[in-house]
Amino acid sequence: YLELSYGQLHPLLEALTTTGGGRMEIIQSAWEHHPEMFQDYRVLPAVVKGLGDGYGEIGDLNVSILKQCGPAVLPLLKEGFDPAGNRAMARRVEVAAAMEDAGPWLREILPAAKKDVRAAVLTALGGDPDNGPLLLELVQTERGGCRDAVLQSLALQEGEAVRAFWETELAKRSGSVKFLNPSQTEWSAEVVSAGLRRRLEDFFQRTPTREEC
């Protein structure tokens, strides 16, 4: 609780909990000039609820704000969480991923997570180096966008098992190299350069077609 009157908080609370135009400017201005307001128990739950705002840019702004509000946010993200929910629940996962203590909760909700929420959880798991073995198991069973999320997370992991997986993955599906773009690991540069070298060698060793000549 902060010593702020309801009158002082009213414009911000109204922008967070109602509909209509001009709300984003009010929230953005409050965050820039009075960030302490977002720690108040009257405001913080409204920001969490606002992750499902019908105006997507406000939802994204609330994600950005909550990521900077610290660990006090995590209990509010867990309260009423629906692992089979909608985009708002996926945003909760995205915020939780920025918290150091969120790892156990993310692994706990994974079995029940569905669709967008599941993809968000799988993406969030990449931030913990201890999740490598789990991700290597999941990449064998996940499909579609969820498998892409696992690949995105595996690009951030270390270890020989992870490197071996990527060597096999790129040999089978060269297009998966796009998931290594954000990787800062030494092995990723080595794996990608080795794959490129093999493709160049194959190109120069084969007989060119008439069109290529």
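1. Pro-104 counts as exposed in this predicted model, because its relative accessibility is 55% and the cut-off for exposed is over 50%. Pro-104 sits in helix H7, which covers residues 103-109.

2. How many disulfides does a search of the whole structure find? The count is zero. A disulfide would be a covalent bond between the sulfur atoms of two cysteines. For a pair to be listed here, the sulfur atoms would have to be within 2.5 Å.

3. Helix H11 (residues 160-172) packs with helix H12 (residues 186-205). Their axes are 10 Å apart and the angle is about 25 degrees. Angles under 35 degrees count as roughly parallel, so H11 and H12 are roughly parallel to each other. The crossing of H11 past H12 is right-handed.

4. Which residues meet where H11 contacts H12? From H11 come Val-162, Arg-163, Trp-166, Glu-167 and Leu-170; from H12 come Trp-187, Glu-190 and Val-191. Sorted by class, this contact has five nonpolar residues and three charged ones, with no polar residues.

Conventions
Residues numbered from 1 in each chain as written. Predicted model: local features only at pLDDT ≥ 70, side-chain atom pairs only at ≥ 80, totals over all residues. Heavy atoms only, no water. Helix = DSSP H or I, 4+ residues; strand = E, 2+ residues; numbered from the N terminus. Buried < 20%, exposed > 50% of the residue type's maximum accessible area, 1.4 Å probe, protein only. Axes fitted to C-alpha atoms, helices over the stretch in contact; angles between N-to-C directions. Parallel < 35°, antiparallel > 145°, perpendicular 65-115°, else oblique. Left-handed = near helix turned anticlockwise from the far one by under 90°. Contact = heavy atoms within 4.5 Å. Nonpolar A, V, L, I, M, F, W, Y, C, P; charged D, E, K, R; others polar.
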